[in-house]
Amino acid sequence: MAYVPTGLVLEHFRAPRHAGAFPVGALDVIEGRAGQARHGREIHVQLQLDAEGRIAACRYRVYGCPATIALCSLASERLPGLSLTEAAEWRGLALFRELELPAEKRPAVLVLEDAVRAAVQRYNSQNRPTMTGTETGPD
């Protein structure tokens with residue numbers, strides 16, 4: 001039998017929270033992407049960081065089923081407040097359970113996790129200290 005969304009999934013699908021993107025040029029915004037539309041789901045996550053480097057706000061653009069949209073919406077409410085270290089280790093299984101999704105929707109949460117990790121990895125790769133030639137390695 002085909003999955004029919006109900007309850008909290010429908011609530012977030014019909015009125016997604018924080019969907020969209022930050023204005024172009026917004027400060028301290030990092031983006032991660034995962035999935036492919038041709039495979040049924042694609043997620044672009046933007047995380048805006050506060051002065052302490054914690055997630056202040058989350059926006060997303062998503063192509064996918066109602067479950068994927070609901071997961072992104074719920075995540076946009078839960079990710080703010082996390083440090084980048086916490087976000088890198090974040091798992092969406094609690095959201096998956098909260099939405100009472102069936103096992104066949106598990107790939108949606110994995111793509112969401114990948115998008116969040118991609119944003120953190122992008123930040124880390126862009127903010128690594130560069131070697132100036134005067135530093136020395138361990139002896």
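Which residues have the most contacts inside the largest nonpolar core? I shall come to the answer after a few words on the model itself.

Good morning. This is a predicted model, in which local features need pLDDT of at least 70 and side-chain atom pairs count only at pLDDT 80 or more, while totals for chains, interfaces and linings use all residues. Residues are numbered from 1 along each chain as its sequence is written, and side-chain values use heavy atoms, with hydrogens and water left out.

Let me begin with the overall layout. The protein has five helices and three strands; helices (H or I, at least four residues) and strands (E, at least two) are DSSP runs, numbered from the N terminus. Along the sequence they follow the pattern α-β-β-β-α-α-α-α. The C-alpha trace spans about 65 × 30 × 25 Å along its principal axes. Of the 139 residues in the protein, 37% are buried. Here buried means under 20% relative accessible area, exposed means over 50%, and partly exposed lies in between, with a 1.4 Å probe and protein chains only. A contact means heavy atoms within 4.5 Å. Among contacts with a separation of 6 or more, 58% join residues 24 or more positions apart.

I return now to the opening question. The largest nonpolar core has 34 residues, and those with the most contacts inside it are Val45, Leu47, Leu71, Leu79, Trp90 and Leu112. By nonpolar core I mean a set of buried Ala, Val, Leu, Ile, Met, Phe, Trp, Tyr and Cys residues joined through side-chain atoms within 4.5 Å. At least two residues of this core come from each of β1 (29–36), β2 (41–49), β3 (55–63), α2 (66–78), α3 (84–89), α4 (93–98) and α5 (106–126). The largest share, eight residues, is supplied by α5.

Next, the packing of helices. Two packed helices are described by the angle between their axes and the distance between the axes. Axes are lines fitted to C-alpha atoms, for helices over the stretch in contact, and angles run from 0 to 180 degrees between N-to-C directions. Angles under 35 degrees count as roughly parallel, over 145 as roughly antiparallel, 65 to 115 as roughly perpendicular and the rest as oblique.

How do α2 and α5 pack, and at what angle? Their angle is about 40°, with the axes 9 Å apart, and α2 and α5 are therefore oblique to each other. The crossing of α2 past α5 is right-handed, a term used if the near helix is turned clockwise from the far one by less than a right angle, left-handed being anticlockwise. On the α2 side, Thr68, Leu71, Cys72 and Ala75 meet Ala108, Val109 and Leu112 in α5. By class, this contact has six nonpolar, one polar and no charged residues. In this classification Ala, Val, Leu, Ile, Met, Phe, Trp, Tyr, Cys and Pro count as nonpolar, Asp, Glu, Lys and Arg as charged, and the others, Gly among them, as polar.

For α1 (7–14) and α2, the angle is about 80° and the axes are 8 Å apart, so these two helices are roughly perpendicular. Val9, His12 and Phe13 in α1 meet Pro66, Ala67, Ile69, Ala70, Ser73, Leu74 and Glu77 in α2. The residues of this contact divide into seven nonpolar, two polar and one charged.

Ser76 is placed in helix α2 and counts as buried, at 2% relative accessibility. Beyond its neighbours within four places in sequence, Ser76 is in contact with Arg17, His18, Cys58 and Tyr60.

His18 itself is in the loop between α1 and β1, and is partly exposed at 37% relative accessibility. His18 has a positive phi of about 60° although it is not a glycine. Glu100, in the loop between α4 and α5, also has a positive phi, near 55°. Glu100 is exposed, with a relative accessible area of 68%.

Lastly, Arg91 lies in the loop between α3 and α4 and counts as partly exposed at 46% relative accessibility. Not counting residues up to four places away in sequence, Arg91 touches Glu113 and Arg117. Thank you for your attention.
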